[in-house]
Amino acid sequence: MTPLDWDKFTTLPGSPRDNFELLCRGAVTHAYARYGKFIALAQQPGVEFHLDIDQPDCPLGQPGRCFGWQTKWWDIPSGRAIGVGRRSDVEDSLRKTEKHFPGISDFVLWTRHPLTAGDQTWFYGLSTTMKLHLATEVELGHLLVGDAVLLRESYFGSLVLTPERLAEQHARAAAEAGERWIPEVHQASAAEHRLRRMLAEPDAWDDLGDTNRNIARFEAALDDAGTTLPAPLAEQTAEITAAGRDVAELLHEAHQQISNSQPSPLLGTTDRTVPQAPTAQPAVLRQLRALRHAATLPLTNLIAHIRDAAALARHITDHLSTRLAVVTGDAGFGKTQLSATLTAATAARPAGVLLYGRRLSARQTLDDLAGQVTAAGKPLASFEELLAAVDAAAQRAGCRLPIVIDGLNEAETPTLWPPLVRSLQVTLKQYPSVLVVCTVREAFLDETIPTEVTDILELDGFDEDLDESITRYFAHYKIEPGGADLPRELLSHPLTLKIYCATANRDRKQPVSAAGLPSSLTGIFREYLTSAAHRVYELTPSIHPNDVNQALDALGNALWEDRARDLPDTQAKQLCQDTHRRWQESLLAALENEGVLLRHPDGAGGATWSFVHDLMAGHVIATSLVHAHGRGIARLLGEDTTTARFNDTPDERHPLAADIFQALASAMPRAGATQLWQAVAEPLRLRALLHAARLEAAHLDSITVEALASHSDELRGRDDLLQRLHSTRAAPGHPSTHTSSTGSCATDPSPTATCAGASGSAQTAVSFSPTRPPWPHAGESIRTVRNPTGYEPGG
């Protein structure tokens, strides 16, 4: 094997002294840790790490022996004496080891170069009960073989990942995410906070300092109030105070190590245990309460904080021992946004590694996935190479680093993941400075993640942060809300908020007003799908935007004809002309990546495909019908079979009936066809008229306004419609806006507001009086089909 390249070693990030210690410790861990209890404490006196052998056949010796290593990176040429100062340093380490670790039987001094003959005579002549050993680069080279070859390469060879190299890798991977990662709109979630705790990021553990201060505060209060305690009670409170000091000291050490970028000793190589916390109601507390003693309150608070501190200490152990975590959530809930953000560099650590599950084709393994990362100009050959390289980079940086595999469900065959994940769990035990995070849609969780994985975190969308989310997105996309009536029911979902904003002002060159934005789903989805088609073409030039449009029409027509909300995988591939395309170059994969289509497990090892929202599916189906029938679509809509698809029993009705019907109301006038309410049969006409009221000004004619006015009795009680009319009639050019030729509409939003619609110069006044009888079934018919996204169809 080639000699160790120390010139390359000295150029690594971090100090050569620290890196030499990390390298030697890693070599010992690979070679001997399985034979006993390996301990490494931060800034421990004497030896830097030691091994208490308790298994037979260890090459170092039999059970009962305990080896300790002291590494010394002396920047002196080979053959030169170490001098008086370095000899004194070695003796100091030896004496501290004897004092603090009396169980150590063998002391190993590890240097790069061999000591001179004189220095060796001096060293072996030191007075100690421990057996003395010397090790050099020769012994290190002998250990860096077999499984440790990857460790060798991550310090001397092709697996060296510098912070600059990691940043470049992340920039390329994040660019591939496109608009699925927008740092400016990111909102940290509870799941992200837990992941950052697992990564030992200092900001995520800032509560450690608060806990220590609380214990100290109530301990001081107890001392002040406990001066008059009887001796037995004083002894019991002293025991509780001592427990508090022990756990506070443990948390203080952990806080210092995390804050000083020294988490390695916390990653399973410490012999510290969490002290036993007192019970919530110990006998001494009950006795103090009976005496109504002044020490009761501070003791109560001290016990509570000690118990919290002990739980937090166990929390540290649990989080930093986690090697694999899973993040799940519905489509569009920000899994890719989280993945790109989590792997981005921070002030405290370099960038991690972002991989995409969709790159995994059938019959491939994690080794193929690792090829997304290059080192020394070549793709990595195995996933373990990636783990070794990232683990070494993390140790040099004094942190943990994430490797995120985003979108397991987007792989060609998602059911391949469970055995791969099980194997990964075993391999990760050797790389404590790496945290692997997998993201997967909730519907695929059981099919991709084995039951042995227990650290599963869930993304819940915006929840109560909707206003902040809208503010962030509008600021990024330069949208000025003004007094516009925003479709909040649409914007409450992360994906549709992004679609809305991207449709409004994708290039973000100039601010736009929300008052002029599309307020119908048709307008929003049409713009979004057009942009998606062009982006697919940019990423996969073999797929033209027209190919995308034709595939969407084919999918929409099939969903209509089959009365379905999803299609089998085989049929979807045929409709998208994907039967002979590689997975990574397929149209289905591209539309899944663009947030247009979703794949679902079918329960039999296969998959089905649907659109990301029933609302989007309704738009695509309606558009495909308009494209297929043109202005003659009125004939189709007037047929009894079509009426049944919208208005029959739940078993006979199309599962997307409400979404298709709503989309037709907007798609038809955009295509120059008649209004939907004029084309459908009588049972559907009033419902279609309601949807017509939600059209933008350019697509709402005065005949429709007259029809709305003439059905004022049926409109009574529809507050949502009144609000909608009130907000849209103020738009310039809207048919209900007052002009000399079209009539007027009062700006009073009250239920008794008077509107006038006109054809020519005629005007019809309509009073929405609360005394009129309600419109029967209006709300029921529009909400017949529930949207799984949790909001009702909007404008």
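Rings of Phe, Tyr and Trp (its six-membered ring) pair if their centres lie within 6.5 Å; planes under 30 degrees apart are stacked, over 60 edge-to-face, and the rest tilted. This is a predicted model: local features need pLDDT of at least 70, side-chain atom pairs count only at pLDDT 80 or more, and totals for chains, interfaces and linings use all residues. Residues are numbered from 1 along each chain as its sequence is written, and side-chain values use heavy atoms, leaving out hydrogens and water.

So, the rings. The structure holds 17 aromatic pairs. Take Trp6 and Trp73: centres 5.6 Å apart, planes at 45°, so this pair is tilted. Trp6 sits in helix α1 (residues 6-10), Trp73 in the loop between β3 (66-72) and α3 (83-100). Helices (H or I, at least four residues) and strands (E, at least two) are DSSP runs, numbered from the N terminus. The pair therefore ties together parts 67 residues apart in sequence. Both Trp6 and Trp73 are buried, meaning under 20% relative accessible area; exposed is over 50%, partly exposed in between (1.4 Å probe, protein chains only). Ring pairs also link Trp6 and Trp73 into a cluster with Phe9, Phe20, Tyr155 and Phe156.

Next, charges over rings. The criterion: NZ of Lys or CZ of Arg within 6 Å of the ring centre and within 35 degrees of the ring normal. The charged end of Arg197 sits over Trp205, 4.1 Å from the ring centre. Arg645 lies over the face of Trp560, at 4.7 Å.

Last, Glu48. Where is Glu48 found? In the loop between β1 (36-39) and β2 (49-53). Glu48 is buried, at 15% relative accessible area.
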